[in-house]
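Thank you all for coming; I would like to take a few minutes to walk through a structure that may be new to you. Please have a look at the sequence and the picture first, and then we can go through them together.

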Amino acid sequence: ILASSAITTAAASHQRTQPTSGSNQANNSASTNAKQLMQLMDSLNRLGNENAQLMREVEKAKAARAEAEAAKQVMAQFKSDYNQRFNKVKEALEKYKHASGDNPVGNSAYVKSASAQELQKRDQMIKKLAADLRKERDESKKKDTALRKYEGFYREVKKRSAEKREQQQKLQQANAAANKK
């Protein structure tokens, strides 16, 4: 708005100076001044638009920061509430655990002996499986060693046969060359 009023004023002053000035030089300088004024006003208008755009971006950034801060506060509140509820549930479970210590079924000799027997069976099974695993690993190492030996032998045989083929080809080529002469 400011730029447009300045442009209007500059144009009006340019029209007034044109007919009254009798000299060509004054007319050119007035025309040059008006052009410069118009360019300056155009630049001022562009700067105003860019400034308005930047102000909008700053406002958006402020709003985003405020929203992020609000989200952080909500998350902190949720975490606090969650920890309080978790601790209450944990305390209730501890109370129940201590209160159920008088449970005759859980404390009976039968349940305890059955648990002890199961543990012994599991330990025996683990020991047996560990021994089987060691045995299989040892056998696997032996087989791997034998396989490496056979692979080395096979490569050596292959290499020797390739060398013999090359020698035979060279010999045949030499014989063929000798026969041509």
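This is a predicted model: local features need pLDDT of at least 70, side-chain atom pairs count only at pLDDT 80 or more; totals for chains, interfaces and linings use all residues.

The protein has 3 helices and 0 strands, so that, with helices and strands taken as DSSP runs, the order of elements from the N terminus reads α-α-α. Of the 181 residues in the protein, 3% are buried. The protein exposes about 16700 Å², and 56% of that area is supplied by carbon and sulfur atoms.

How many salt bridges does a search of the whole structure find? The search finds 4 of them, and I would like to go through some of these in turn. As a general point, side chains of opposite charge can pair when their charged atoms come close.

Moving on to helix α3, which spans residues 109–180, we meet a salt bridge between E118 and R122, with 3.7 Å between the closest N and O atoms. Both residues lie in this helix, 4 residues apart, or about one turn. E118 counts as partly exposed because its relative accessibility is 43%, whereas R122, at 51%, counts as exposed.

Further along helix α3, R160 and E156 are again 4 residues apart, about one helical turn, and they form a salt bridge whose closest N and O atoms are 3.3 Å apart. E156 is partly exposed, at 35% relative accessibility.

Finally, which residues gather in a patch of negative charge on the surface? They are D132, E136, D138 and E139. To take one of them, E139 lies in helix α3, and because its relative accessibility is 32%, E139 counts as partly exposed.

That is where I will stop, and I am happy to go back to any part of the picture.

Conventions. Residues are numbered from 1 along each chain as its sequence is written. Side-chain values use heavy atoms; hydrogens and water are left out. Patches are made of residues with over 30% relative accessible area and no salt bridge: like charges are joined within 9 Å, nonpolar side chains (Val, Leu, Ile, Met, Phe, Trp, Tyr) within 5 Å. Accessible areas come from the Shrake-Rupley method with a 1.4 Å probe; for residues, only the protein chains shown count as cover. A salt bridge is a side-chain nitrogen of Lys or Arg within 4 Å of a carboxyl oxygen of Asp or Glu. Lys and Arg count as positive and Asp and Glu as negative; His and the chain ends are not counted. The place of a charge is taken as NZ of Lys, CZ of Arg, CG of Asp or CD of Glu. Helices (H or I, at least four residues) and strands (E, at least two) are DSSP runs, numbered from the N terminus. Buried means under 20% relative accessible area, exposed over 50%, partly exposed in between (1.4 Å probe, protein chains only).
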